[in-house]
Amino acid sequence: TVIADQPIRYKGDGSAPGPFDYFLASSALCAAYFVKLYCETRNISTDNIRLSQNNIVDPDNRYQQIFMIQVELPADISANDRQGILRSIERCTVKKVVQAGPEFVIEVVENLDSDAQSLLALKPAADASTFIAGKDLPLEQTIANMSGVLGNLGIKIEIASWRNIIPNVWSLHIRDAHSPMCFTNGKGSTKESALASALGEYIERLSNNHFYAGTFWGEDIGNAEFVHYPSERWFQPGPNDTLPTEILDDYCRTIYDPDGELRAIHLIDTNSGNVDRGICSLPYIRQSDGRVVYFPSNLIENLFVSNGM
């Protein structure tokens with residue numbers, strides 16, 4: 001809950017910051033965040049860095065204002081880093097949105113609980129179920145189930161944007177509130193179906209390590225007890241870089257290596273980059289007989305990406 005008030009001159013009590021005060025603070029806080037991020041990534045101390053913002057109001061038009069952000073830097077910060085800090089402030093999202101000139105849409109809705117972010121927290125009602133042919137649960141229950149799965153993993157999903165350019169065609173962008181590069185998009189004929197699509201895609205990408213497939217995690221993780229899962233195993237290549245006998249089964253090899261061209265070096269885990277450790281492989285259960293078949297993590301990340309196995 002955010003408590004706001006208006007100044008006495010605007011018939012408020014002046015007991016709390018006004019809405020416009022929060023708006024002004026948002027741009028200053030955004031600028032300060034990017035300064036802090038720039039400095040932390042370069043081991044620059046922020047102890048003696050100060051930042052302030054003043055808004056200069058046109059006396060003839062109070063809606064015409066200049067936001068002046070000033071930053072005080074210690075003398076020992078180099079000229080290159082001074083320019084870098086100023087450029088980092090230019091990345092401020094609040095600043096960019098204001099400069100782009102946002103458009104406001106004001107509308108009346110029947111129920112706020114069925115709109116925007118609140119869809120993620122929607123509790124399915126017994127008398128309100130939307131079924132899609134071929135699906136085993138209504139959309140409302142599906143959204144609640146998948147939101148619960150992600151919430152139990154400590155992942156806070158936020159809806160970043162909606163698009164509804166033409167009737168009955170919805171799309172949205174969801175992301176991890178704490179890691180925005182972990183995101184998916186969903187499409188559907190209604191808001192609910194688009195959200196269910198996006199949540200399902202998120203869980204699929206999570207299951208296949210898609211979000212960090214192109215990231216090098218460094219030597220500490222590469223040499224840790226495990227890189228992806230405690231159940232993983234590492235297998236050394238055979239003679240002349242042939243595939244280890246412990247990975248895949250005969251049926252899988254006819255699919256992934258029909259011409260015998262696949263080599264062990266092709267399956268090195270890219271997250272760890274640990275060639276000497278061998279091929280990182282994850283256990284899957286063959287449903288026909290319950291046997292464990294080890295799949296290289298590299299294969300899963302590259303071929304199945306976000307579409308599930």
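This talk walks through a few helices and aromatic pairs in one predicted model.

Because the model is predicted, local features are taken at pLDDT of at least 70 and side-chain atom pairs at pLDDT 80 or more, while totals for chains, interfaces and linings use all residues. Residues are numbered from 1 along each chain as its sequence is written, and side-chain values use heavy atoms, with hydrogens and water left out.

Let me begin with helix 2, residues 79-89; helices here are DSSP runs of H or I with at least four residues, strands are runs of E with at least two, and both are numbered from the N terminus. Asp81, Gly84, Ile85, Ser88 and Ile89 are buried in this helix, where buried means under 20% relative accessible area, exposed over 50% and partly exposed in between, with a 1.4 Å probe and protein chains only. The buried residues of helix 2 pack against helix 1, strand 1, strand 2 and helix 3, with contact meaning heavy atoms within 4.5 Å.

Two of those partners, helix 1 and helix 3, have axes that come within 7 Å and cross at roughly 125 degrees. The axes are lines fitted to C-alpha atoms, for helices over the stretch in contact, and angles run from 0 to 180 degrees between N-to-C directions. Phe23, Ser26, Ser27, Cys30 and Phe34 in helix 1 meet Thr93, Val94 and Val98 in helix 3.

Turning to helix 8, residues 297-304, six of its eight residues are buried, so this helix is largely enclosed by the rest of the structure. Its buried residues pack against helix 7, strand 7 and strand 8.

Finally, the structure holds eight aromatic pairs, counted when ring centres of Phe, Tyr and Trp (its six-membered ring) lie within 6.5 Å, with planes under 30 degrees apart called stacked, over 60 edge-to-face and the rest tilted. In one of them, tyrosine 33 and phenylalanine 34 have ring centres 5.2 Å apart and planes at 75 degrees, so the pair is edge-to-face. Tyrosine 33 is partly exposed at 49% relative accessible area, whereas phenylalanine 34 is buried at 10%.
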